[in-house]
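Welcome! Take a moment to look over the sequence and the model, and then we can walk through them together.

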Amino acid sequence: MELTVESVVFLILSAITLGGGLLVVTTRNLFHAGLYLMLSLLGVAGLFVLLAAPFLAGVQVVVYIGAIAILIILAVMLTPSVTQMPAIFNRNWALNLALAVLFFVLLVSVISPALDDLGVDNWSANFTEDSPAAVPADSIVQLGKDLVDPDQYMLPFEVASVLLMAAMIGAVLLVAPGKAGDEGGDE
Amino acid sequence: MVPLWMYLVVAAGLFSIGLFGVLARRNAIAILMSIELMLNAVNINLVAFWRYKTPVDLSGQAFAAFVFVVAAAEAAVGLALIISIYRRRQSVIAEDVNMLKW
Amino acid sequence: MTGLLKDIGLSHDLAVLIAKTIGVFVVGGFGLLWTLLGIWLERKWAGRFQDRIGPNRVGPFGLIQTVADTIKILLKEDIMKQGIDRWVFNLAPILSVVAVILIWAVVPFSPAWIGTDLNIGVLYLLAVGAFGTIAVIMAGWGSNNKFALLAAFRAVAQLVSYEVPMVLALLVPVLLSGSMSTQEIVRQQHIWYVFAVPLTVLIFLISSQAETGRGPFDLLEAESELVSGFHIEYSGIKFGMFYVAEFLHAFTAGVLTAILFLGGWRGPFAEDVPVLGFLYLMIKGLFVYWVLVWVRMTLPRVRIDHLLDFNWKFLVPVGLINLLVVALVWKLIPGTDQINSTADALVPTLVLLLVNVAMILVIGALLAERGRRERARIQARVAGTDLPAEALASAAD
């Protein structure tokens with residue numbers, strides 16, 4: 001990979017995304033973890049821009065950072081006594097870490113062409129293309145049309161809106177004072 | 001351009017980080033954050049495959065948009081659950097919520 | 001600009017990078033310099049609204065009052081009390097200024113002058129707005145102060161809630177122009193959208209007033225209850241940054257309204273003389289900003305539950321219905337996908353205006369009916385007690 005502006009930007013954004021992600025799972029203070037989550041999500045939005053999907057990048061910032069991450073931070077602020085827990089990981093964390101690392105190594109061995117270069121046949125998938133066709137100029141317009149096209153994604157689109165509605169009502173019911181929360185006795 | 005597999009490696013890394021967080025963190029809110037990381041890793045994959053394999057057909061972007069919707073719904077319900085558990089048990093530690101275990 | 005840099009032997013990528021960097025400094029610097037004059041202007045207006053003179057000591061007409069204030073604020077001690085979350089505390093004011101400056105990247109000053117003509121411009125505006133919310137939350141949490149934390153909670157409730165009617169209002173110009181690029185929206189306004197969709201303008205103005213945390217919606221820094229809320233612990237230049245961010249955000253809201261609904265740089269000869277377009281935009285923006293200041297200085301602060309009720313029970317339903325009706329009407333009028341001149345735009349604008357007037361009348365009638373019932377209810381209760389009507393009215397909310 002030669003060092004073009006694009007590849008440098010890619011490396012920076014990847015570092016932000018992965019570094020932010022690592023800090024999210026290792027930071028003790030959950031409020032900070034929420035901020036690192038935002039950083040990581042911002043990195044992903046940058047990757048979307050690099051992948052010529054600016055609309056998704058915008059939605060990523062509006063929905064993920066502007067709504068989901070802020071909600072999570074609100075939850076952190078509502079449960080204040082737990083921002084400084086004595087142990088942030090459970091007892092099996094070493095095993096879990098090994099599992100995650102193993103999973104990552106397995107994935108990378110399939111994805112990257114490294115094993116092919118080492119002479120192992122029939123293992124790596126062929127994901128080496130680096131000059132895809134150009135994206136059509138009106139891809140955002142096309143995405144908008146596809147989402148409400150009966151032959152394309154209209155049904156999933158409607159189902160998604162019903163899902164959002166159901167989630168909203170469910171969330172309101174769950175935390176409504178004196179309603180669902182009081183049943184179930186003294187648990 | 002940057003080869004496709006590099007994007008996939010970043011996504012795999014983010015997914016593994018999220019996986020570790022889900023498995024190892026004790027705080028339910030931290031687990032939720034890790035799930036968001038995993039969903040984002042999936043989105044990177046969807047968009048990267050769209051860009052490199054089928055830039056004309058927009059199914060990858062449409063799928064990513066649906067993942068956004070699902071993530072928003074999941075965060076809303078998940079946080080509502082965590083808050084209501086916290087109200088009753090003064091705890092958001094996932095191991096403490098084990099009523100259904102025995 | 002890019003061509004010039006390429007002529008002196010730079011590669012294309014690098015030339016674009018340098019040109020963009022200079023653009024960033026010009027746009028950002030303009031925004032910040034404008035603040036010096038704008039704050040003086042706002043204080044003068046505020047003085048007039050309150051039957052005072054306003055700043056008049058430093059320089060002619062008090063013009064360099066803001067400069068004096070800036071120097072004063074720079075010289076003040078930067079207090080960092082114990083127990084604050086240092087990084088979060090220090091990052092918050094910077095983020096709040098950056099969030100506002102970023103908006104100016106997509107402001108089309110004239111047919112040719114724009115930071116970047118993003119094809120997702122309107123979405124970008126919303127995305128950048130999210131950073132302002134984060135800044136308030138960071139300030140509230142990092143200060144380690146109960147009042148500041150309360151302000152942070154309110155920020156989540158208020159800013160996130162009012163983003164919903166704002167999106168609903170923003171979708172209308174996007175729908176009418178068929179583009180999310182701010183430049184394209186201005187180009188398409190052969191007749192200003194304010195004449196076609198006045199109701200949308202109203203929704204947008206109300207929600208952007210709430211987004212900037214001003215006027216009747218300044219609950220984030222309510223002096224009487226939260227002793228200035230999220231910036232309670234900030235002093236010196238850090239407070240100054242919050243102040244600048246708030247001012248600039250409010251002015252930007254005026255400029256955005258001008259772009260989306262008042263035709264942006266449009267005006268006589270603006271196509272040929274870019275400076276005129278810039279001037280028109282500034283005058284329109286200042287006018288909207290003046291209206292916002294007027295509202296701010298006139299209306300008393302609302303209560304937090306009223307604020308949220310007003311949003312979820314009034315603005316959001318009205319915004320949804322407005323969007324649906326406008327979309328339907330726009331679809332039903334023939335020829336709306338090919339509007340290239342004022343003559344083309346005339347009929348659709350008139351039809352939309354009629355529909356909007358009808359909607360405003362219906363909403364007004366519904367509100368009047370609601371008010372009548374509410375008053376009747378209170379009257380009925382007054383009849384049974386000795387209390388004055390006002391006491392019951394405030395108890396009934």
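## Two loop residues in chain C

Asp51(C) sits in the loop that runs between H2 and H3 of chain C. In this predicted model, the phi of Asp51(C) is positive, near 60°, although the residue is not a glycine. How many other C-beta atoms lie within 10 Å of Asp51(C)? There are 6, and because 12 or fewer counts as exposed, Asp51(C) is exposed.

A second residue of this kind can be found further along. Asn144(C) belongs to the loop between H5 and H6 of chain C, and its phi is near 55°, again a positive value in a residue other than glycine. Is Asn144(C) exposed or only partly exposed? Asn144(C) counts as partly exposed, because it has 16 C-beta neighbours inside 10 Å.

## A helix of chain C and the glycine after it

Helix H11 of chain C covers residues 236-261, which makes 26 residues. From its first C-alpha to its last, H11(C) reaches 38 Å, close to the 38 Å expected at 1.5 Å a residue. Of its 26 residues, 22 are buried, so H11(C) is mostly covered. After H11(C) comes Gly263(C), with a positive phi near 80°.

## The two domains of chain C

Chain C is split into domain 1, residues 1-75, and domain 2, residues 78-325. Their C-alpha centres are 18 Å apart. Where they touch, 15 residues of domain 1 of chain C are in contact with 16 residues of domain 2 of chain C.

Which elements give two or more residues to the domain 1 side of this contact? They are H2 and helix H3 (65-75) of chain C. H2(C) has the largest share of that side, with 11 residues. By class, the domain 1 side divides into 7 nonpolar, 7 polar and 1 charged residues.

## How chain A is built

Chain A has 7 helices and 0 strands, and along the sequence it reads α-α-α-α-α-α-α. Of the 187 residues in chain A, 34% are buried. Among its contacts between residues at least 6 apart in sequence, 40% join residues at least 24 apart.

How confident is the prediction here? The average pLDDT of chain A is 80, and 87% of the residues score at least 70. Among the elements of chain A, helix H2 (residues 30-50) has the highest mean pLDDT, 89, while helix H5 (residues 114-118) has the lowest, 71. Over residues 179-187 of chain A the pLDDT is below 50, and this stretch has 7 contacts in the model beyond near neighbours in sequence. Where pLDDT is low, the predicted coordinates should not be read in detail.

## Chain A meets chain B

Which of the 2 pairs of chains in contact share the most contacts? Chains A and B do. Here 80 residues of chain A are in contact with 64 residues of chain B. The helices that each supply at least two residues of the chain A side include helix H1 (5-26), helix H4 (93-111) and helix H7 (154-175) of chain A. That side divides into 59 nonpolar, 16 polar and 5 charged residues.

On the chain B side of the model, helix H1 (residues 4-24) of chain B has 21 residues and reaches 30 Å from first C-alpha to last, close to the 30 Å expected at 1.5 Å a residue. H1(B) is mostly covered, with 20 of its 21 residues buried.

## The largest nonpolar core

The largest nonpolar core has 191 residues, and Ile72(A) and Ile29(B) are those with the most contacts inside it. Helix H3 (residues 54-78) of chain A gives the most to this core, 17 residues. Setting aside neighbours within four places in sequence, Ile72(A) is in contact with residues from both chains, including Gly34(A), Leu37(A), Ile29(B) and Leu79(B).

## Chain C beside the other chains

Chain C touches chain A through 19 residues of chain C and 17 residues of chain A. Helices H2 (12-49), H5 (121-142) and H6 (146-177) of chain C each supply at least two residues of the chain C side, and H5(C) gives the most, with 9 residues. By class, that side has 16 nonpolar, 2 polar and 1 charged residues.

What about chain B and chain C? No contact joins them, and their closest C-alpha atoms lie 14 Å apart.

How values were computed: Residues are numbered from 1 along each chain as its sequence is written. Chains are lettered from A and ligands numbered from 1 in the order in which they are written. This is a predicted model: local features need pLDDT of at least 70, side-chain atom pairs count only at pLDDT 80 or more; totals for chains, interfaces and linings use all residues. Helices (H or I, at least four residues) and strands (E, at least two) are DSSP runs, numbered from the N terminus. Ala, Val, Leu, Ile, Met, Phe, Trp, Tyr, Cys and Pro count as nonpolar, Asp, Glu, Lys and Arg as charged, and the others, Gly among them, as polar. The expected span of a helix is 1.5 Å times one less than its number of residues. Domain bounds come from an automatic or database domain assignment. pLDDT is the predictor's confidence in each residue, from 0 to 100. A nonpolar core is a set of buried Ala, Val, Leu, Ile, Met, Phe, Trp, Tyr and Cys residues joined through C-beta atoms within 7 Å.
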